[in-house]
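Q: Please take a close look at one strand pairing. Then follow the contacts elsewhere in the chain.

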Amino acid sequence: MLRRRFTLFSLQLLTNNNPLHPLHTLTPLHPHHYRHFSTFTSFRRPPPDPNDPSTLLKEDAFSLCSQMWVDNFRHPDKIITNLSSFLRRFELWLLAYQKVTTDETGSYTPRSSIQRPELENLLALRNAVIDGNFKWGSRLKFHIKSPIDKTDYESLSKRKIKIILTTTQPTPFQDKIVQEVLLMILEPIYEPRFSSKSFAFRPGRTPHTVLRVIRRSFAGYLWYLKGDLSTLLDGVKVGLVINAVMRDVRDKMVVDLLKSALVTPVVTSQVDDMEKKKKKRKYQKKRVLNEDEPKPDPYWLDTFFGFAPEEAEKVPNWGHCGVLSPLLANIVLDELDQWLEGKIKDFYVPSKSDVIWNSPEGEAEQGNTSWPEFVPTSGPDKTRKMDFIRYGGHILIGVRGPRADAATLRKQLIEFCDQKLMIKLDNESLPIEHITKGIMFLDHVLCRRVVYPTLRYTATGGKIISEKGVGTLLSVTASLKQCIRQFRKLSFLKGDKDPDPQPCFRMFHATQAHTNAQMNKFLSTMVEWYRFADNRKKIVNFCSYIIRGSLAKLYAAKYKLRSRAKVYKIGSRNLSRPLKEKKGQSPEYHNLLRMGLAESIDGLQYTRMSLVPETDYTPFPGNWRPDHEKSLLEYIKLEDPKTLDEQQSCIREQGLVTPQDYISMLVWNYKKSSLPMDHLSLVKSNESVAGSQHLLIGSNQDDHENTSKEEENDASMNAAEV
């Protein structure tokens with residue numbers, strides 16, 4: 001009815017307002033003609049526009065990514081042939097845009113704040129990638145630009161265009177978005193396929209995990225091979241990467257996109273020495289950041305990054321792959337991991353007289369799982385076994401057995417790297433070292449020492465026996481020489497045998513409160529970095545000494561106090577007292593602090609060794625997995641209907657009752673045994689007068705009725721418990 005009225009109104013408006021309209025000269029129609037006319041002019045909703053970004057956002061991007069992780073962990077060996085469907089999902093592109101924009105601006109970008117023109121540009125980028133029209137490393141023509149990029153590329157002069165095309169430029173914004181989308185698609189595919197013994201460039205696996213694994217599993221090994229494959233991270237052949245990717249992914253669109261990213265040349269320019277000298281001589285003014293420009297790393301974080309160990313310092317960056325490069329490096333090196341895992345099984349030869357590994361399968365736990373670093377002494381006949389850990393381009397192999405076995409393994413490893421990875425290695429790049437000499441890995445030294453502990457164990461009959469034992473203990477200590485070398489690289493000290501702290505003039509213009517706060521953050525980070533080192537107290541106390549001496553020299557130069565001793569006398573041992581105050585010219589510091597006119601100065605932490613926390617010796621499980629992998633596997637297990645059937649059959653076999661069944665039995669027995677108020681029957685007595693008496697229910701019931709009611713309730717509860 002409403003549609004008919006709307007049609008009549010529009011027709012009348014059309015004929016009345018426009019005298020020249022042909023319908024104005026026509027005679028009025030009969031009402032049934034209007035009815036037929038309205039059926040032909042009914043409103044129809046137009047079909048959804050495939051180029052409209054709002055119609056493409058059908059599902060939440062996080063749920064889509066979660067489903068990808070679950071599916072790939074459920075079928076880790078499945079060869080993937082169709083990834084184009086995920087590459088077309090606009091939800092992933094929008095999530096990648098949010099992440100890259102957050103990295104560019106330094107603040108989170110919610111979906112509601114993204115304007116429609118930006119969504120249309122993002123959709124154009126997606127269509128260009130799908131159609132094969134996307135070009136990596138574009139300098140002037142972009143499908144989408146960064147929010148902080150205000151450059152008008154159409155009005156640039158020829159000189160500026162030449163500079164942009166011939167000099168090194170940051171990675172384009174649209175390239176970062178494409179890299180993030182590929183990372184979100186490929187990472188869930190390869191994570192369940194990677195070896196559990198590779199720890200670099202993977203979520204949930206840190207250098208701390210490597211140190212804990214070494215402490216847990218490498219106590220019984222005598223010979224160590226330390227290999228450096230970092231030349232692979234500097235540059236790799238395109239065919240090697242593509243062949244490694246195509247072992248598991250056979251999607252042509254994704255493979256071609258990766259190949260073009262590796263093949264497309266990167267424009268770089270070398271700065272002449274004369275230009276460097278000119279830049280050094282020129283006075284560098286403080287640059288004012290834009291409103292939407294992220295702040296640089298603070299001083300304490302920049303300083304801590306300088307302490308990165310050799311194994312974690314180099315991050316691959318191949319072609320235009322960007323954040324994809326570490327994942328591609330792990331894909332290439334995964335073939336080496338699988339080969340070494342096969343060697344572990346072939347190398348294992350058990351011996352019954354061995355005190356650690358004496359089972360035929362080789363999968364049994366060590367003899368003392370509560371103290372895995374301790375290895376009791378055993379006879380000359382030991383089990384032959386090997387294990388390895390790879391962190392990035394560095395690999396550590398432990399061998400238990402004669403040195404000849406380690407030499408044979410080294411020869412086979414050199415041949416494998418030459419044939420499969422095209423890396424030339426020799427005996428010098430793969431040295432064989434004994435554990436007594438100390439093995440450096442991740443700036444920690446692995447060594448062993450002889451100990452004589454008192455072992456207590458329970459014998460047959462429950463008798464506790466204490467006896468003196470002898471064995472070796474694996475020690476994981478932080479390298480003091482490496483720490484001094486890193487401080488010298490950051491210009492915090494000079495000298496080797498007798499290190500002398502140097503003032504950190506980079507904090508010269510900062511206040512005392514800000515400088516102390518920055519150094520406290522740095523010391524807290526160093527305490528966490530050396531968390532699992534046996535000499536944690538000693539190494540952190542040394543770091544605190546260097547930082548405190550450096551600040552004392554800085555304050556002596558800044559406030560003209562001449563010596564460190566005078567700085568310590570005024571500012572105390574931890575430099576928590578103000579050094580700028582002059583008597584008679586300003587109120588006391590405590591009064592200014594109470595009135596809020598001065599900022600509080602925090603003293604330096606860990607100035608005494610007793611303030612440094614103890615080493616973390618938390619037991620590490622043998623079959624350790626990151627938290628996200630355990631959650632995924634648990635979720636997949638709960639989704640499997642066989643899990644529920646197994647639990648129910650186990651409950652029936654043991655004669656147990658589930659909580660749900662127990663509650664239902666309680667409710668059923670309560671309903672069955674209880675008497676409703678409105679269905680109470682009248683109790684008749686033969687000795688009473690003829691008639692009926694109504695009995696009241698309350699607190700004045702007789703003892704006989706209470707007893708019978710309690711017996712019925714006890715019977716129902718017993719039935720429920722059964």
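A: Strands E8 and E9 form a hairpin, with five residues between them. In its turn, Gly-461 has a positive phi of about 90°. E8 covers residues 454–458 and E9 covers residues 464–468. The two run antiparallel and are joined by five bridges. Thr-454 in E8 stands opposite Lys-468 in E9. Strands are DSSP runs of E with at least two residues, helices are runs of H or I with at least four, and both are numbered from the N terminus. Two strands pair if DSSP finds at least two bridges between them.

The model is predicted: local features need pLDDT of at least 70, side-chain atom pairs count only at pLDDT 80 or more, and totals for chains, interfaces and linings use all residues. Residues are numbered from 1 along each chain as its sequence is written, and side-chain values use heavy atoms, with hydrogens and water left out.

Next, helix H18. Met-422 follows H18 and has a positive phi, near 60°. The buried residues of H18 include Asp-405, Leu-409, Arg-410 and Phe-416. Buried means under 20% relative accessible area, exposed over 50%, and partly exposed in between (1.4 Å probe, protein chains only).

Asp-405 also has a charged partner. Its side chain meets that of Arg-384 in a salt bridge, 3.4 Å from N to O. Arg-384 lies in the loop between strands E2 (374–376) and E3 (385–391) and Asp-405 lies in H18, so the pair ties together parts 21 residues apart in sequence. Asp-405 counts as buried because its relative accessibility is 13%. Arg-384, at 38%, is partly exposed. A salt bridge puts a side-chain nitrogen of Lys or Arg within 4 Å of a carboxyl oxygen of Asp or Glu. By this rule there are 27.

Another bridge joins Glu-104 and Lys-176, at 2.8 Å from N to O. Glu-104 sits in helix H6 (residues 90–105) and Lys-176 in helix H9 (residues 173–190), 72 residues apart. Glu-104 is buried at 15% relative accessibility. Lys-176 is partly exposed at 27%.

Arg-531 and Glu-528 form a further salt bridge, with their closest N and O atoms 3.3 Å apart. Elsewhere, shared partners join Glu-191, Arg-202, Arg-205, Arg-625 and Glu-629 into one network of salt bridges.
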